[in-house]
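Below is a short briefing on one protein model.

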Amino acid sequence: MNETHAAVEAYLAALNAHDADAVAACVAEDFVNEHTSATGHSRRGRAEYRAALPAFLQDFADLRYVPERVLVDGDSAAVPYVMTFRMRSAGDRPVRIRGVFVFTVADGLVTRRTDYWDSGEVRRQLA
């Protein structure tokens, strides 16, 4: 397994373990977390990202990302996934959505994560 693949696997494992410190340890100081969804919240820097993780992990109970595959090209990776969780702020209602992460990795750390998912699908499932 190459460095990019290993960094992505470690990041996803930390998210699935709901471990905010482990997730933050997988990203670079200047990490960029970009959401393309209208309801997503983009973040810049490890500190800002780390500060937001507890609330995210709390609201997205039982969060689980299941990668469909990990496609690596040098320092980049694309990961189509299925994400499941229970939305605590919506009465613990279950949600299942598909999306795609695009990662950039340097020196064993994720430097950028762009997340493509349909927030309209989340709203439909919570309606």
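Predicted model: local features only at pLDDT ≥ 70, side-chain atom pairs only at ≥ 80, totals over all residues.

Residues are numbered from 1 along each chain as its sequence is written, and side-chain values use heavy atoms, with hydrogens and water left out.

**Largest pocket**

- The volume of the largest pocket is about 450 Å³.
- A pocket here is an open set of points on a 1 Å grid over the protein atoms alone, where a 1.4 Å probe fits, with protein on both sides within 12 Å along at least five of seven lines.
- Its volume is the space filled by probe spheres set on the points, which are joined across faces, edges and corners.
- The lining has 24 residues, and H35, G40, H41, F56 and F60 lie nearest the centre; lining residues have an atom within 4 Å of a point.
- Two or more lining residues come from each of β1 (27-35), α3 (46-59), β3 (60-67), β5 (76-87), β7 (109-117) and α4 (119-126).
- Helices (H or I, at least four residues) and strands (E, at least two) are DSSP runs, numbered from the N terminus.
- α3 gives the largest share of the lining, five residues.
- By type, the lining has 14 nonpolar, six polar and four charged residues. Ala, Val, Leu, Ile, Met, Phe, Trp, Tyr, Cys and Pro count as nonpolar, Asp, Glu, Lys and Arg as charged, and the others, Gly among them, as polar.

**H35**

- H35 sits in strand β1.
- H35 is buried at 17% relative accessible area (buried: under 20%, 1.4 Å probe, protein chains only).
- Its side chain makes a polar contact of 3.2 Å with that of R113 (N or O atoms within 3.5 Å, one able to donate a hydrogen and the other to accept it; residues adjacent in sequence count only if both atoms are side-chain atoms).
- Beyond four places in sequence, H35 touches G40, H41, S42, R113, D115 and W117 (heavy atoms within 4.5 Å).

**S37**

- S37 lies in the loop between β1 and β2 (43-44).
- S37 is buried, at 7% relative accessibility.
- The side chains of S37 and S119 form a polar contact of 3.1 Å.

**Largest nonpolar core**

- This core has 31 residues, and Y11, Y65, M83 and F103 have the most contacts inside it.
- A nonpolar core joins buried Ala, Val, Leu, Ile, Met, Phe, Trp, Tyr and Cys residues through side-chain atoms within 4.5 Å.

Note on methods: Buried < 20%, exposed > 50% of the residue type's maximum accessible area, 1.4 Å probe, protein only.
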